[in-house]
Amino acid sequence: MQDEYHTVARTGVHETEVNRSRFLCALAPAATEQEAQDFIAAVRKEHADATHNCWAYVIGADASVQKANDDGEPGGTAGVPMLQMLLRRDMRYVVAVVTRYYGGVKLGAGGLIRAYGGAVGEAMDVLGTITRRRFRLATVTVDHQRAGKVQNDLRATGREVRDVRYGEAVTIEIGLPDADVDAFRGWLADVTAGTAGFELGGEAYGDA
């Protein structure tokens, strides 16, 4: 698993014009391939009168799913440069659709590649991206008397408290960078006089 990736901060559309052709790039986060395909279908429906609706998406923190489509533009001049722009920026879990309204001037293969890739790059700049980092899920178990102080101390030191459950003891779920695990064990033993339980879980990604 890679340590971090980027994704789009929000869903949105950015428009550019190249030689009288309008290029509208719609970007959205997509957790699954189905979400990406649903977004593409919605944009195609909205712009059913467009000359082309070309698309690309990258799913998976390791970019395990990469797909692109030229939608009638000459092969390799639209979807592929869109996909390459997403990968160049380390974008993951993201879908891009570039809608083209032809303006009467042919752009040629090179012009199309620059226009489609550039539309995606500009849209990312305008809509913004966020970084998500890999971390380990961990569970801290403490008695009720210490739970409040431990939660406050966790937040004060910038730890991400993901969930708190109250039972016979208090269970606090947190996210930790791998490199911090040993130091955290020591810190937890100090603040709870060695009474807290600590269990490492799986890996996940969270906002950096």
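Trainee: What covers the buried residues of α2?

Mentor: This is a predicted model. The cover of the buried residues of α2 includes the strands β3 (21-29), β4 (52-59), β5 (65-69) and β6 (94-101), together with the helix α3 (108-127).

Trainee: Which residues of α2 are buried?

Mentor: Helix α2 spans residues 79-88, and its buried residues are G79, P81, M82, L83, M85 and L86. Just after this helix, D90 adopts a positive phi of about 55 degrees.

Trainee: How are two packed helices described?

Mentor: Two packed helices are described by the distance between their axes and the angle between those axes. For α2 and α3, the axes come within 8 Å and cross at roughly 35 degrees. The crossing of α2 past α3 is right-handed.

Trainee: Which residues make the contact of α2 with α3?

Mentor: From α2, the contact takes P81, M82, M85 and L86, and from α3 it takes I113, Y116, G117, V120, G121 and M124.

Trainee: Which residues of the largest nonpolar core touch the most other members?

Mentor: That core has 26 residues, and those touching the most other members are L27, M82, L86, V98, Y116 and V120. Two or more residues are given to this core by each of β3, β4, α2, β6 and α3. The largest share, 8 residues, comes from α3.

Trainee: With which residues is V98 in contact, leaving aside its neighbours within four places in sequence?

Mentor: V98 is in contact with F23, L24, C25, H52, N53, C54, M82, Y116, A119 and V120.

Trainee: How does the domain assignment divide the protein?

Mentor: The assignment gives domain 1 (4-127) and domain 2 (133-206). Taken over C-alpha atoms, the centres of domain 1 and domain 2 are separated by 41 Å.

Trainee: At what angle do the axes of α4 and α5 cross?

Mentor: Helix α4 (residues 144-156) and helix α5 (residues 181-191) have axes that cross at roughly 145 degrees and come within 11 Å. The crossing of α4 past α5 is right-handed. On the α4 side, V150, D153 and L154 meet F184, W187 and V191 of α5. The residues of this contact divide into 5 nonpolar, no polar and 1 charged.

Trainee: Let us turn to single residues. Is T16 buried or exposed?

Mentor: The cut-off for a buried residue is under 20% relative accessible area. T16 has a relative accessible area of 13%, and is therefore buried. This residue is found in strand β2 (residues 12-18). Leaving aside neighbours within four places in sequence, T16 is in contact with S21, R22, F23, A119 and E122.

Trainee: Why is L127 classed as buried?

Mentor: L127 is classed as buried because its relative accessible area is 7%. The place of L127 is in helix α3.

Trainee: How far apart are L127 and T11 in sequence and in space?

Mentor: L127 and T11 are 116 residues apart in sequence, and their C-alpha atoms are 7.7 Å apart in space. Leaving aside neighbours within four places in sequence, the contacts of L127 are with V8, A9, R10, G12, V13 and L27. Among these, L27 is also one of the residues that touch the most other members of the largest nonpolar core.

Definitions and conventions. Residues are numbered from 1 along each chain as its sequence is written. This is a predicted model: local features need pLDDT of at least 70, side-chain atom pairs count only at pLDDT 80 or more; totals for chains, interfaces and linings use all residues. Side-chain values use heavy atoms; hydrogens and water are left out. Buried means under 20% relative accessible area, exposed over 50%, partly exposed in between (1.4 Å probe, protein chains only). Helices (H or I, at least four residues) and strands (E, at least two) are DSSP runs, numbered from the N terminus. Contact means heavy atoms within 4.5 Å. Domain bounds come from an automatic or database domain assignment. A nonpolar core is a set of buried Ala, Val, Leu, Ile, Met, Phe, Trp, Tyr and Cys residues joined through side-chain atoms within 4.5 Å. Axes are lines fitted to C-alpha atoms, for helices over the stretch in contact, and angles run from 0 to 180 degrees between N-to-C directions. A crossing is left-handed if the near helix is turned anticlockwise from the far one by less than a right angle, and right-handed if clockwise. Ala, Val, Leu, Ile, Met, Phe, Trp, Tyr, Cys and Pro count as nonpolar, Asp, Glu, Lys and Arg as charged, and the others, Gly among them, as polar.
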